[in-house]
Amino acid sequence: MVVDNSIFHVITDLLPSAHASNSFHLAVWHPSLNWPLLAQEIKDPKVLDQMQNAFNNFIKSGQVWALMIGLFFGYLIRGITR
């Protein structure tokens with residue numbers, strides 16, 4: 001995506017002019033015409049479906065058992081070291 005340079009001219013025209021005062025100098029930033037904008041491409045916008053698939057994978061892969069065992073032993077160790 002290429003940024004239209006005319007928008008920067010509109011923005012800088014709206015800035016207060018500092019050329020009337022000799023004690024203050026306004027530096028205006030002029031980006032190049034081919035300045036790319038950073039963006040994210042969304043391939044699958046169905047967020048709830050992605051969450052459901054992730055949860056189903058969490059259950060099917062056995063990670064839920066690893067979480068439960070880790071919480072149990074963590075609670076046990078916390079109780080011993082307290």
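Is Ile-80 buried or exposed? With a relative accessibility of 65%, Ile-80 counts as exposed, because the label applies over 50%, while buried means under 20% and partly exposed lies in between, with a 1.4 Å probe and protein chains only. Before I go on, please keep in mind that this is a predicted model, in which local features need pLDDT of at least 70 and side-chain atom pairs count only at pLDDT 80 or more, although totals for chains, interfaces and linings use all residues. Residues are numbered from 1 along each chain as its sequence is written, and side-chain values use heavy atoms, with hydrogens and water left out.

Let me turn to the overall fold. The protein has 3 helices and 0 strands, where helices are DSSP runs of H or I with at least four residues, strands are E runs of at least two, and both are numbered from the N terminus. Along the sequence this gives the pattern α-α-α. Of the 82 residues, 6% count as buried.

Helix H2, residues 47–60, has 14 residues and reaches 20 Å from its first C-alpha to its last, close to the 20 Å expected at 1.5 Å a residue, the expected span being 1.5 Å times one less than the number of residues. Just after H2, Gly-62 takes a positive phi of about 85°.

Helix H3 covers residues 63–81 and includes Ile-80. Ile-80 also belongs to a nonpolar surface patch of about 1100 Å², whose other members include Trp-65, Met-68, Phe-72, Phe-73 and Ile-77. Such patches are made of residues with over 30% relative accessible area and no salt bridge, with like charges joined within 9 Å and nonpolar side chains (Val, Leu, Ile, Met, Phe, Trp, Tyr) within 5 Å; a salt bridge is a side-chain nitrogen of Lys or Arg within 4 Å of a carboxyl oxygen of Asp or Glu. Accessible areas come from the Shrake-Rupley method with a 1.4 Å probe, and for residues only the protein chains shown count as cover.

Finally, Phe-72 is partly exposed at 48%, and Phe-73 is partly exposed at 47%.
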